[in-house]
Amino acid sequence: MYVKELTVRYRQRRVTGMLSLPGRLTNPRDAAAVLVPILRDEVIEVCGLLCLSTQTDILAYYELSRGTLDSTIVHPRDVFRIALLANAATVVVGHNHPSGDPTPSPDDRVLTQRLKDAGTLIGIPLTDHVIVVMDGRYFSFREAGRL
């Protein structure tokens with residue numbers, strides 16, 4: 001683990017802070033370890049994007065959307081616009097479930113497929129879609145073999 005300074009876009013303002021990050025995101029557990037502290041305390045659904053280098057180092061985190069108690073809207077064009085601007089080689093999308101149940105909804109499954117298809121077309125693959133909850137549990141589409 002090492003500490004890296006990241007500039008995070010949060011509620012339309014830039015916040016610079018220190019996050020303890022793994023050297024590389026080598027597995028879904030690493031991605032969850034980054035996303036849980038960022039998203040777990042949110043009382044509404046929030047979706048974020050981790051932009052990764054070719055060596056799977058984190059280049060940037062970007063908050064894609066803030067929603068309601070049980071949904072948030074994410075469009076592939078927004079995900080890949082940010083990925084292109086960050087010069088990302090690959091991306092990980094993550095969001096929270098305030099309900100405390102990390103099980104993906106039908107909408108989560110549809111979004112994951114759309115992002116996978118768009119990423120393949122653009123050349124920036126979706127590495128994983130991780131759903132986190134307050135107690136630190138998570139669901140990884142990659143780990144579950146659904147990506």
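**View 1. E63 is a buried residue of a predicted model, with a relative accessible area of 11%.** Buried here means under 20% relative accessible area, exposed means over 50%, and partly exposed lies in between, using a 1.4 Å probe and protein chains only. E63 belongs to strand β4, which covers residues 58-66. Helices (H or I, at least four residues) and strands (E, at least two) are DSSP runs, numbered from the N terminus. The side chain of E63 meets that of R66 in a polar contact of 3.2 Å. Such a contact is a pair of N or O atoms within 3.5 Å; within protein, one must be able to donate a hydrogen and the other to accept it, and residues adjacent in sequence count only if both atoms are side-chain atoms. A note on reading all these views: residues are numbered from 1 along each chain as its sequence is written, and side-chain values use heavy atoms, with hydrogens and water left out. Because this is a predicted model, local features need pLDDT of at least 70 and side-chain atom pairs count only at pLDDT 80 or more, while totals for chains, interfaces and linings use all residues.

**View 2. T90 sits in strand β5, residues 90-96.** Is T90 buried or exposed? T90 counts as buried because its relative accessible area is 9%. A polar atom of the T90 side chain lies 2.8 Å from the backbone oxygen of P125, and the T90 side chain also makes a polar contact of 2.2 Å with the side chain of T127. Leaving aside residues up to four places away in sequence, T90 touches L50, C51, L52, S53, I124, P125, L126 and T127. Touching, or contact, means heavy atoms within 4.5 Å.

**View 3. T127 is the partner of T90 in that 2.2 Å side-chain contact.** T127 is part of strand β6, residues 126-132. With a relative accessible area of 25%, T127 is partly exposed. Its contacts, not counting residues up to four places away in sequence, are T90, V91, V92, R142 and L147. For a sense of distance, look from T127 to T56: they are 71 residues apart in sequence and 9.7 Å apart in space, C-alpha to C-alpha.

**View 4. C47 and C51 are both worth a look for their burial.** C47 has a relative accessible area of 1% and is buried; C51 is buried too, at 0%. How many disulfides does a search of the whole structure find? The search finds 0, where a disulfide is a pair of cysteine sulfur atoms within 2.5 Å.

**View 5. I122 lies in helix α3, residues 106-122.** I122 is partly exposed, at 42% relative accessible area. Together with L84 and L121, I122 forms a nonpolar surface patch of about 330 Å² of accessible area. Patches are made of residues with over 30% relative accessible area and no salt bridge, joining like charges within 9 Å and nonpolar side chains (Val, Leu, Ile, Met, Phe, Trp, Tyr) within 5 Å. A salt bridge is a side-chain nitrogen of Lys or Arg within 4 Å of a carboxyl oxygen of Asp or Glu. Accessible areas come from the Shrake-Rupley method with a 1.4 Å probe, and for residues only the protein chains shown count as cover.
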